Amino acid sequence: MRHNHLTMKINLVTIAMALVMALPSYADTGGPVVESSAGLLHETGISSLANVFFVDKEEETLFIDFEAINDRIVMLNILSGDKLMMEDDVRDLPANVIYEVNLGVFRNGQYTIELVTDQSIKIQKNIVID
């Protein structure tokens, strides 16, 4: 039983890494771009990243629906390249929260939104602000 759990965890991490490599970023209308993708999504119970990440009409706020992910989110990071721009320990937030990120405080550039689950799975989403 323990071996199956370890094998499943290794498979999930492998799929997560494949997902991270498959998520391209691009600019479209001058605002942040959020693109859906597959890969780890089925394994984590996410049907699409489009069900997790939403941008308002003004493209100033990014919404992240924690309830769309079966695992509990414990950490949210925003990175620019290798530089950590924001870190938030969210383990005390309710599992059904919709987290808001004010994109207006970030300069133009490419960013990675990283959600870390209680199973140490990292779900990353690339966005471009310009």
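Where is Asn70 found? Asn70 sits in the loop between β2 (61–65) and β3 (73–80). The model is predicted. Asn70 counts as exposed because its relative accessibility is 61%, and exposed means over 50%. Thr117 is 47 residues away from Asn70 along the chain, yet their C-alpha atoms are separated by 9.3 Å.

From this loop, turn to the core. The largest nonpolar core has 24 residues. Those with the most contacts inside it are Phe53, Ile64, Phe66, Leu76, Val101 and Leu115. Several strands contribute: β2, β3, β5 (98–102), β6 (109–117) and β7 (122–129) each supply at least two residues of this core.

Next comes β5. In a regular strand, side chains alternate between the two faces of the sheet. On β5, Tyr99 and Val101 form the covered face. The uncovered face holds Ile98, Glu100 and Asn102. β5 runs antiparallel to β2, and five bridges join the two strands. Across this pairing, Ile64 stands opposite Tyr99.

Tyr99 also has an aromatic partner. A search of the whole structure finds two aromatic pairs. One of them joins Phe66 and Tyr99. A pair of aromatic rings is described by the distance of the centres and the angle of the planes.

Is Gln124 buried or exposed? Gln124 is buried, because its relative accessible area is 15% and the cut-off is under 20%. Its side chain makes a polar contact with the side chain of Glu114, at 2.6 Å.

Charged residues complete the tour. Side chains of opposite charge can pair when their charged atoms come close. How many salt bridges does a search of the whole structure find? The search finds one. The side chains of Arg91 and Asp89 meet in a salt bridge, with 3.0 Å from N to O. Arg91 has a relative accessible area of 42%, so Arg91 is partly exposed. Asp89 is at 44% relative accessibility and therefore also counts as partly exposed.

Terms used. Residues are numbered from 1 along each chain as its sequence is written. This is a predicted model: local features need pLDDT of at least 70, side-chain atom pairs count only at pLDDT 80 or more; totals for chains, interfaces and linings use all residues. Side-chain values use heavy atoms; hydrogens and water are left out. Helices (H or I, at least four residues) and strands (E, at least two) are DSSP runs, numbered from the N terminus. Buried means under 20% relative accessible area, exposed over 50%, partly exposed in between (1.4 Å probe, protein chains only). A nonpolar core is a set of buried Ala, Val, Leu, Ile, Met, Phe, Trp, Tyr and Cys residues joined through side-chain atoms within 4.5 Å. A salt bridge is a side-chain nitrogen of Lys or Arg within 4 Å of a carboxyl oxygen of Asp or Glu. A polar contact is a pair of N or O atoms within 3.5 Å; within protein, one must be able to donate a hydrogen and the other to accept it, and residues adjacent in sequence count only if both atoms are side-chain atoms. Two strands pair if DSSP finds at least two bridges between them. Rings of Phe, Tyr and Trp (its six-membered ring) pair if their centres lie within 6.5 Å; planes under 30 degrees apart count as stacked, over 60 as edge-to-face and the rest as tilted.
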